[in-house]
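Reader: I would like to go through the labels one by one. Please set each value against its cut-off.

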Amino acid sequence: MLKHRSITIGRFNGFLSSGTFSDVNLTSALYSKRDSSAVKLTAYTVPNCKRIPFKEAISKLNEFKPVKIGDSFGPSWVTVWFNVKITIPDNWNDEVIYFLWNCNNEGLIWSLDGKPLQGLTGGGGDDSRHEYILTKEDIKKKSVEFYIEGACNGMFGNGDNGLINPPDPNRQFTLSKAEIATPNMEVWHLLYDFQIIASMAKNLPDNSSRGSQALYTANKIINVFDPKCKESWSKAREIAAEFLGKHAGDAAHNVYAIGNCHIDTAWLWPYDETKRKCARSWASQIRLMEKYPDYVFVASQAQQFEWVRTLYPTLFEEMKEKFKTKQFIPIGNTWVEMDCNIPSGESFVRQFLYGTKFFKEYFDYSSDIFWLPDTFGYSAQLPQIINIMGMKYFFTQKLSWNNINKFPHTSFYWVGLDGSEALTHFSPANTYTANATVNDVITCEKNNKDTAYSNDSLLVYGVGDGGGGPLMKMIERLKRMNNVDGLPKVILSDPSIFYKHLEENSNDLPKWNGELYFELHRGTYTSQAKNKLYNRLTEYLLHDVEFFSCLSLLLNGSSNYPKDEIEELWKDILLNQFHDVLPGSSIGMVYDDSTKIYKNIIEKGTKLKDNAINSIIFNSSKPAEGKKGYEIFNSTQWTRSEVIEVPLLPNQTNVQQLSHSKNKALIYVEDIPGFGYKNVYDNKLVNKNLSICYQNDTKTYVMKNSYITATFDDMGRMISLIDNEINRELILENAKGNQFKIYDDAPLYWDAWDVEIYHLEKGSDITNGNVKIIEEGPLRVALEIRIKISEQSNIKQIIYLTPISKRIDFETEVEWNESHKFLKVEFSVDILCDTATYETAFGYVKRPTHYNTSWDMAKFEVCGHKFADLSEYSYGVSLLNDSKYGYAIHEKTIRLSLLRSPKAPDDNCDIGTHNFKYALLPHIGSFYTSNIVEEGYKFNVPLIPRYIEEMEMDNSFQLFKINDKKNVIIDTIKYAENEKITENAIVVRLYEAYGGTTQFKLFSELPVKKCYVCNGLEEIIQEVEWKENSCNLTIKPFKIMTLKLFFKK
């Protein structure tokens, strides 16, 4: 009989429906018996939304109350503990019995002795996990008891009327199923068979012979099947087996299927809920591994492993056992799956350092794959960092979300700034949460853009984002597709096997140089501004803590180095760099948590830093009657001369200038050595010009020193900036600098994530301001600007100029209470260049200043770190910042993104008071001849003054120095990871910042015993000769170099 394809496929849908026709179709025969009366329930609701451990929960057993199907539990985020008692009827003699549960939330089954057994996911979607298979011992006893820890949230939190909306605080969860059932396994197997065959009929081309055969076979199965006749089940399976038994050819495409469970470390739920998601998800995977010995599962993020290790020790031991059988495989080697735009280079290194350290300690294993399926762009230095941290391969798929251009490759070599390569594969299924369907497998081949060079694809499957992982049905489907004519071959595999096969069997794979820019989620450079400020602040706080602690150790001969404390603080920074936390795309509860974490880092880090500095002063000084002054500490590599603020002392008289607040004195400090300190006893005058005045005729304010003349109008906008050295005007004619601008900011869907290019079409200048002079020298001049943004929002800004620099500082406070608005500051400068330079981790990237192509236009908003620079051949202008990451340089306008006001998933995002700084720095010469990298560090890492009296230290000291090579940057000085404190082993991490091979000398004032070049894990590669007080080194363009020095005692 001739079949009409669309009608027949519609018949397939009805055959599988769990709604219509479910009384007569295949689903009606999935269970032979069901009994809810066999299940008795009591429950205890934990007060105050607390998440209590198992022992505490069962100690409340006398407070458990009877509950039943139809009861509701809540509100949102509450925990309900259920005691479940099952009596299996005497006439149930089945080998397999399921416990079926649906409370429409998430849950974890616990054994009576406190072992997590399996997760449960409620609801009715494809991600649900309702069944728990009772053990043979349970069935034999006819009596089963266990607990369920129920979380009053769904897989994706508690969003109000939608996935990314802020949580509904009063959500309730209704128990709709609690029963035991006996599955008809023959029917279940037929279900999986039929899903494969029917999906092949749907997804193979209409005119393909195999697709037509599938259509015929599936229809034939329906005709044979009778839900009440077991013989028909067997006959239907024979028909399916005949079809599925025809094998693919030798040249068929290979799809390597990897089970995974992407668990966002925080997102639409807080960190504490993630800890439970890990247990629910991974316990479920252990049960699947017991059922399917060839099932392979990978999990990333050492932080999550650490949570399980400490909170669920029996589960952690099960994971370790399944690792030994090569089923449960740690992957990625990072502490969390971090954002890859905003963190510093050192933060990237620490992600891998501490992640690798954890997996080596507990699994004696290190992955060779950097696994990062879901983040919002990828820094250009990551290929090198991957390499120096002992890895070769990289996996993601996020660029498939690009909303302007489609990324052209699937398998390719990603080439970093320094030329390092990482073999990279983007899953052509365009997801890391595949359902393991026929369509997923076909899509892997169809979407693979590099089949000319490689015949392999990776399919990453399993319920994810909110955890869960693969389901039983996914594994069953994949096993049936392992070698079926008409489909690619499916291999359940360890991803390392896939990458090795790809590496050995591919030919002439293409290369992609530089950053992997994500053409979406550009708003994440700006959202949750305070979180980003804390990130920058704490990164450099720990930079200082480590340096001063090392200096104290070396100078004082103490073994009291706070290594463990520093590592814990670093791990907290790394935690908050998770790819939905640092970018600003989580619910408000997450930022309550991250703020507490950051404040703890600041409190403890500041104490460690102060302890180290005080130790240096105490142990390196001697009594000196009548001496008073300051010890100035410098934790950057450059010799610095600056005007700084110091606390105003009681009865202090020798003050050249007070700050405008009158509670601080300004002093000029000169030639403070890099990575060292110097005494300042004399309050030196600065013998340079500095002035400020108001010109009544033009209603302008003029700030002037020997280097520049800056003119502001009566609204605080810069209308002229002249370089006095060459008499060049830098502000574009009929344009302005320091122009605040507000844009409408309503993206297509992803509110906190996205800003779309059309926002640039609907912006307006903010012109409601007034100005006054508040400091008049001789060490610093200042203007105060007050600007009204709207009835709800305003800006207070102080603009500073000192006599010793071209840098103009803008210290800004914003009271922000807007909805879907975007605040930026703009400088239109008379500089012409078709590219601009943006600092990134351990280097810089060039990006276009025009919209020539769609690829250029897509970069209308980009990420930068401490600076962005627009330079011609002989002149340039840089815009520095202390906490911002969003830039946009188009033609001659430099924009810095300041604040957004999205309403989902946090409806209070960025509402409140913000304090930040930026600075404009013009420079003679191009970027390559400038000292902008140095200036970026100095702007973010201030000199540290300490008042001392009745004592004096050595006049000055410098731990490390590089001979006059501005492109070689010492970024980090820390204690060596794997060395005893008594070894005096210091690690120095450097990088080449401008893109040129350089020979240089590294000096130290302290005697060095041995010096070694290491990889990023601080494993020794080779020795470097240290002669007298220095060593000679060569560094290639953009290379990161790690040295380990053993100092003499």
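Author: Start with contact, which means heavy atoms within 4.5 Å. By that rule, E346, S347, R350, Q351, Y354 and K357 in α10 meet E567, W570, K571 and L574 in α16. This is a predicted model: local features need pLDDT of at least 70, side-chain atom pairs count only at pLDDT 80 or more, and totals for chains, interfaces and linings use all residues. Residues are numbered from 1 along each chain as its sequence is written, and side-chain values use heavy atoms, without hydrogens or water.

Reader: Why are α10 and α16 called roughly perpendicular?

Author: The axes of α10 (residues 345–363) and α16 (residues 563–576) cross at roughly 110° and come within 10 Å. Axes are lines fitted to C-alpha atoms, for helices over the stretch in contact, and angles run from 0 to 180 degrees between N-to-C directions. Under 35 degrees counts as roughly parallel, over 145 as roughly antiparallel, 65 to 115 as roughly perpendicular, and the rest as oblique. The value falls in the 65 to 115 range, so α10 and α16 are roughly perpendicular. Helices here are DSSP runs (H or I, at least four residues), strands likewise (E, at least two), numbered from the N terminus.

Reader: What is the hand of the crossing where α10 passes α16, and which classes make up the contact?

Author: The crossing is left-handed: the near helix is turned anticlockwise from the far one by less than a right angle, while clockwise would be right-handed. The contact of α10 with α16 has three nonpolar, two polar and five charged residues. Ala, Val, Leu, Ile, Met, Phe, Trp, Tyr, Cys and Pro count as nonpolar, Asp, Glu, Lys and Arg as charged, and the others, Gly among them, as polar.

Reader: Why is the pair of W81 and W110 called tilted?

Author: Rings of Phe, Tyr and Trp (its six-membered ring) pair if their centres lie within 6.5 Å; planes under 30 degrees apart are stacked, over 60 edge-to-face, the rest tilted. The centres of W81 and W110 are 6.0 Å apart and the planes are at 40°, so the pair is tilted. W81 sits in β5 (residues 79–87) and W110 in β7 (residues 106–110), 29 residues apart. The structure holds 81 aromatic pairs.

Reader: How do you know that the bond from G74 to P75 is cis?

Author: Its omega is near 0°. P75 lies in the loop between β4 (72–73) and β5. A904 and P905 are also joined by a cis bond, with omega about 5°. P905 is in the loop between β46 (893–900) and β47 (912–924).

Reader: What is phi of N738?

Author: It is near 55°, a positive value in a residue other than glycine. N738 lies in the loop between β32 (728–729) and β33 (739–744). Most residues other than glycine have a negative phi.
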